[in-house]
Amino acid sequence: MGELDRHLLAPARLKLATMLTAVSEAEFAVLRDGLGVSDSVLSKHVATLADAGYVRSRKGSHEGRRTTWVALSPTGRKVLRYHVAVLREIIDGVD
C-alpha cells in the first residue's frame, strides 16, 4: 500500500485540489465560497500547496477588481491522483 501525501491530508486542501481538477484555473473568491472558509484560511491552504509545488497562483483583475487565480500544477495533478488511489485502496476493504 502506498503512502498518503501529507499536504493533502487536510480535508480542505484535498477538496481544493479536487475542485481545481475541473478547471484550468479558478478565482480565489470562487474557491473560498466553494470551500466555505475565510480568505485567511484559504490563503494558508493555497500557500501550503504552492510551497509543495502542487498549485500556482497569479494576480490579475476581474470585473475591475484585483483578484488571485489559482491553478493545479502538473505535479499537483499527479500527486492528487496517487493520493486518491491510496485512499481507494485503504477503503476498498470496508464493508
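1. Lys59 stands opposite Thr68 in strand S3, and S3 (65-72) is joined to strand S2 (residues 55-62) by eight bridges, the two running antiparallel. Strands pair here if DSSP finds at least two bridges between them; strands (E, at least two residues) and helices (H or I, at least four) are DSSP runs numbered from the N terminus.

2. This is a predicted model, in which local features need pLDDT of at least 70 and side-chain atom pairs count only at pLDDT 80 or more, while totals for chains, interfaces and linings use all residues. Residues are numbered from 1 along each chain as its sequence is written, and side-chain values use heavy atoms, without hydrogens and water.

3. Two residues lie between S2 and S3 in their hairpin, and Glu63 in the turn has a positive phi of about 50°. S3 also pairs antiparallel with strand S1 (residues 26-27) through two bridges; Glu27 stands opposite Trp69 there. Six of the eight residues of S3 are buried, meaning under 20% relative accessible area with a 1.4 Å probe, protein chains only.

4. The axes of H2 and H3, lines fitted to C-alpha atoms over the stretch in contact, are 10 Å apart at an angle of about 105°. The two helices are therefore roughly perpendicular, the class for 65 to 115 degrees. Phe28, Leu31, Arg32 and Leu35 in H2 meet Asp39, Leu42 and Ser43 in H3, with contact meaning heavy atoms within 4.5 Å.

5. Leaving aside neighbours within four places in sequence, Leu42 is in contact with Leu16, Phe28, Leu31, Arg32, Leu35 and Val37.

Technical notes
Buried < 20%, exposed > 50% of the residue type's maximum accessible area, 1.4 Å probe, protein only. Axes fitted to C-alpha atoms, helices over the stretch in contact; angles between N-to-C directions. Parallel < 35°, antiparallel > 145°, perpendicular 65-115°, else oblique.
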